[in-house]
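User: I have a model open and would like to go through it step by step. Could we begin with how strands are paired?

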Amino acid sequence: MSNPIRLLHFADVHVGMENYGRLDLDSGTSTRVRDFLDRMDEVIDYGINNKADIAIFAGDAFKTRDPNPTQQREFATRLKRLADHMPLLVLVGNHDVPGMASKASSVDIFKALDVPNVIVGNEPTGEVVDTRSGPVFLAWMPYPMRNRLLTKDQYQGKSLHDLDLALQTAVVTIIKDLAGKAIEYDMPRVLSSHLSVSEAKLGSERSVMLGKDVSIGKSVLNDQVWDYVALGHIHKHQDVNSGSYPGIVYSGSLERIDFGEEKDSKGFCWIELEREKTVWKFVQVDARPFLTIRVDVRDHEEPTTAILSSISAHDIKDVVIRLMINIKSQNVQLLRDNDIVAALSDAHSYSINKDVEHEARTRIGGVAAETLSAEELLKHYLVDKGYMPERIKTLLTAANNIFQNDTKS
Ligand SMILES: [Mn+2]
């Protein structure tokens, strides 16, 4: 019996995300950029310390297709450290590819420099990769780009819907072909891709995706040919094939991008590969916590005190905080903003949202309706209706008789 082959799978590093950060004076960049790089270090340390045999980075290295040189250097330094220890697949995600097919992706530089141990997955294919614990058949499919997978003829006169269908068909064909190739190899087999699986639950990738993308059904990947399917793209960690073989797994992103991910765990996957007996686990990283504090002070006469006590009930040190206050409009001026800001000073960063409730009041002649007597209300009504002054006088006299009789009875 041979030992399992240890595989490290991570994705969606998105170096360059700056939201909810502060300016880090030491590095001149956002503290959040630092966070994302620190998480990457955590993954790489784990892989090296636990003697991973092979690693897959399933795409989306940067926030944009044009990362600045500092971001490129920081990402490259880290990948090199990993590749010094093991073969590494760097798959091309949608954030890495330029719109024009002839332009380079943000990770093509690794291919151009022919960095030892680094495989840049910019075209779908598969090959045997030798690791110190034995060979693995590794196949990959980068993010499906229409302008790369469809020919000019296939584009001619097609609606967007038809193009989506054509792209979907092309992706399914490629994956089936890769499976057909894989089956010839009697060794653990892994497929990696950067795409949407229809059955997956979305994280907040919606907010960073560049519009709608084509998705494929889980059944295309749910094939006993594979021992593990390593996915990137959707930021919420999940096994789309939960409880069945093979695992079809999004490792998820390493840091939160917005409050939609407040409650999601962040991390990467550790896989022990064996033909038909592969097992894997999710390893959580120390991502910066996000916390929403909701305070309803609509019925408080001392709203600031209530808010301060809600804040102090939480450990907000180094946390990204979203404070949401429900308050009545007439009490807004009671808020002592300086005190609230001071109470949040230990947070990594914060935002304050005030949901102000305006009371619906009927105003008549510039005065709130409930402060007027029945006679005054009737007078406003009659004036409004355009009655002559004499007629109004008569009607009010008659009405007063009714009002007075009414109170007597
Ligand atoms: Mn992506």
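Analyst: Two strands count as paired if DSSP finds at least two bridges between them. Please note that this is a predicted model. Strand 7 (residues 125-131) and strand 8 pair in the antiparallel sense, over seven bridges.

User: What do strand 7 and strand 8 form, and how many residues lie between them?
Analyst: They form a hairpin, with two residues between the strands. Within this pairing, G126 has A139 of strand 8 as its bridge partner.

User: Which way does strand 8 run relative to strand 9, parallel or antiparallel?
Analyst: Strand 8 and strand 9 run parallel and are joined by five bridges. There, W140 has S192 in strand 9 as its bridge partner.

User: Is strand 8 mostly covered or uncovered?
Analyst: Strand 8 (residues 134-141) is mostly covered, as seven of its eight residues are buried.

User: Let us change topic. Which residues coordinate the manganese ion?
Analyst: The manganese ion is coordinated by D60 (OD), N94 (OD1), H194 (NE2) and H233 (ND1), at 2.1 to 2.3 Å. Along the chain, these donors follow the spacing D-x33-N-x99-H-x38-H.

User: Where do D60 and H194 sit?
Analyst: D60 is in the loop between strand 4 (54-57) and helix 2 (69-83), while H194 is in strand 9 (residues 189-194). The two are 134 residues apart, and the pair thus links distant parts of the chain.

User: Why is D60 classed as buried?
Analyst: D60 has a relative accessible area of 0%, and buried means under 20%, so D60 falls in that class. H194 is likewise buried, with a relative accessible area of 0%.

User: What is V13 in contact with?
Analyst: Leaving aside neighbours within four places in sequence, V13 is in contact with F36, M40, F57, D60, A61 and L254. D60 in that list is one of the manganese donors. V13 is found in the loop between strand 1 and strand 2 (23-24), and it counts as buried at 0% relative accessibility.

User: Which residues touch the most other members of the largest nonpolar core?
Analyst: They are F75, L82 and L88, in a core of 36 residues. Helix 1 gives the most to this core, with six residues. Not counting residues up to four places away in sequence, F75 touches V15, M40, F57, A61, F62, V107 and F110. A second, separate core of 25 residues includes F137, M141, A179 and V225.

User: Lastly, which domains are assigned?
Analyst: The assignment gives domain 1 (5-284), domain 2 (290-357) and domain 3 (367-408). The centres of domain 2 and domain 3, taken over C-alpha atoms, are separated by 47 Å.

How values were computed. Residues are numbered from 1 along each chain as its sequence is written. This is a predicted model: local features need pLDDT of at least 70, side-chain atom pairs count only at pLDDT 80 or more; totals for chains, interfaces and linings use all residues. Side-chain values use heavy atoms; hydrogens and water are left out. Domain bounds come from an automatic or database domain assignment. Donors are N, O and S atoms within 2.8 Å of the metal (3.2 Å for Na, K and Ca); water is not among the atoms, so sites may look incomplete. Helices (H or I, at least four residues) and strands (E, at least two) are DSSP runs, numbered from the N terminus. Buried means under 20% relative accessible area, exposed over 50%, partly exposed in between (1.4 Å probe, protein chains only). A nonpolar core is a set of buried Ala, Val, Leu, Ile, Met, Phe, Trp, Tyr and Cys residues joined through side-chain atoms within 4.5 Å. Contact means heavy atoms within 4.5 Å.
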